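This report looks at helix packing and salt bridges. Please keep the sequence and the model at hand.

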Amino acid sequence: VIVPSERNEFYYSELSVPAVRMAVDHINNNSYLLPDHEIVLSVNDSKCDIGLASYQMYRMLSANTTKIALVAAGCSIVTQPLARSSQFWNIPQFNFLSSSPALEKRAVYRHYYHLLPSENSFSPGRAGLMVELKWRRSVVLVQPSDIFDLNSRDLVLEMATQGLERPEVMLLPDDDDFSDVVDRIKELDVRILFGLVYEEKARQLVCSLYKSGIGASTSFVWILPGWYHDKEWYFLGKQSKTQNNCTAREMTDALNGHFTLDFAPIRPDFINKTLLMNNTVLGVAAEFRSRNNMSETWSPHEIFHSYSAYGYDAMLSLGLLLDTAIKNYTKIGKRNRIDEFSYEYDDVVTLFNNILLREDFYFEGLTGNVRFYNLLQDDREKKEAEGHIEIRYVRVSESRSNHALVARYDNTKRNLTWLSNILWTTPDGSRPVDERPEELIYSNKGVFIAIVILSSFGIGFAVILLMFN
């Protein structure tokens, strides 16, 4: 296992490793899966560093003990090179942290399996939110990177599918000079702003645009990722100023009343489900809470953030794969047993791929129905894993912020369900609009009549002159 286990700009996954360890304990202590075998973990902290993660992978795979699978590596910028390399060792690679759409290219990542849906899974929810709120026009601000570039293209396609106007997509500069962005937004007179950016860039962008008159106080609405580590990221760890010299009060004013979208920690309708190995969601949540000294008042949805639940399901996927292979296939190519696996041959990993990509290989996990058959689908709507999106409306104050869960979007059924009313932060409490409303200008009735009479006289006089000519 190679994952980032501490906070960094890209991921906050410090509870993912405990979830992975708990899943392995459940497999090793239950006769349902691998009754005559045991999964042994080797855990490394990649720190979202490509060089460090690559070294850790090569060191593990060069050790005397042969590894049969890799769970790696967290940040998409690290996962992509590792997934290209690990296939030369003929082992499957599972991932529950990376969401780059680029990782869906089966021709490139032949033995790679992701449980966390890609960033493109947010596109239907983003477009659906606009449809529900009767917004048609928007601007998409994109930080240069594979993950956001591919996501912005998918969002444009999804907006067209749902009957919205094509958004203006703007690639952000690497520096902090957003003057061209500001000028273009003001020229377009668009009020709905999608930010496809990482946390630090979001702080710079929001602050700079606010200084130029673009913010919540001027009826603009931000729609941002909900997976930022610190829920109050806009205060830069409670410091008084960001790198763009916005005070906490200014950042509050800029973002008071914005939306965020993130994956549901566990599938909402699975709360009472019985999972693999006869565990229940409530039982797993209670054990995880106890292991990590969490509050007794927390619900299962609060106990598992996205990465923990997907990490648990990733290890169940591996356990079920190995159990299926061992129970159903006694002879594989040049070796008599799967546990005599060697990196030199591809027959075992070919077997693993065939099992994982079967339509009947699936199970009910914390995050929903886990299956990999959909990775073979060409239809972009069918290609995504089942992702349930949580939509929150964030009211920001200097003392605390309220992240109200107002809606969920079901990617399978492609529908948005409202869970609570939105307490809008606009001065009159009304829903913001997506462009500046037209202003009607009223004139004095007497003046209007006088102008009509004079205009009629002028037209008549012009007609008479034309007749004489």
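At what angle do helix H2 and helix H3 pack, and how far apart are their axes? The sections below start with that pair.

## Basis

This is a predicted model: local features need pLDDT of at least 70, side-chain atom pairs count only at pLDDT 80 or more, and totals for chains, interfaces and linings use all residues. Residues are numbered from 1 along each chain as its sequence is written, and side-chain values use heavy atoms, with hydrogens and water left out.

## Packing of H2 and H3

Helix H2 spans residues 50–61 and helix H3 residues 76–86; they pack at about 30°, with axes 9 Å apart. Helices (H or I, at least four residues) and strands (E, at least two) are DSSP runs, numbered from the N terminus. Axes are lines fitted to C-alpha atoms, for helices over the stretch in contact, and angles run from 0 to 180 degrees between N-to-C directions. H2 and H3 are therefore roughly parallel (angles under 35 degrees).

H2 supplies Ile50, Ala53, Ser54, Met57 and Tyr58 to the contact, and H3 supplies Ile77, Val78, Pro81, Leu82, Ser85 and Ser86 (contact means heavy atoms within 4.5 Å). Eight of the residues in this contact are nonpolar, three are polar and none is charged. Here Ala, Val, Leu, Ile, Met, Phe, Trp, Tyr, Cys and Pro count as nonpolar, Asp, Glu, Lys and Arg as charged, and the others, Gly among them, as polar.

## Salt bridges

The structure holds 17 salt bridges (a side-chain nitrogen of Lys or Arg within 4 Å of a carboxyl oxygen of Asp or Glu). One network of salt bridges links Asp25, Glu287 and Arg291.

Arg153 and Asp149 form a salt bridge at 2.8 Å, N to O. Both lie in helix H5 (residues 146–161), four residues apart, about one turn of the helix. Arg153 is exposed, at 52% relative accessible area; Asp149 is partly exposed, at 27%. Exposed means over 50% relative accessible area, buried under 20%, and partly exposed in between (1.4 Å probe, protein chains only).

## Bridges between elements

Arg184 and Glu168 meet at 3.0 Å, N to O. This pair links distant parts of the chain: Arg184 sits in helix H6 (residues 179–188) and Glu168 in strand S7 (residues 168–171), 16 residues apart. Arg184 is partly exposed at 25%, and Glu168 is partly exposed at 26%.

Lys211 and Glu250 form a salt bridge at 3.3 Å, N to O. Lys211 is in helix H7 (residues 199–211) and Glu250 in helix H8 (residues 248–255), so the pair ties together parts 39 residues apart in sequence.

Definitions and conventions. Parallel < 35°, antiparallel > 145°, perpendicular 65-115°, else oblique.
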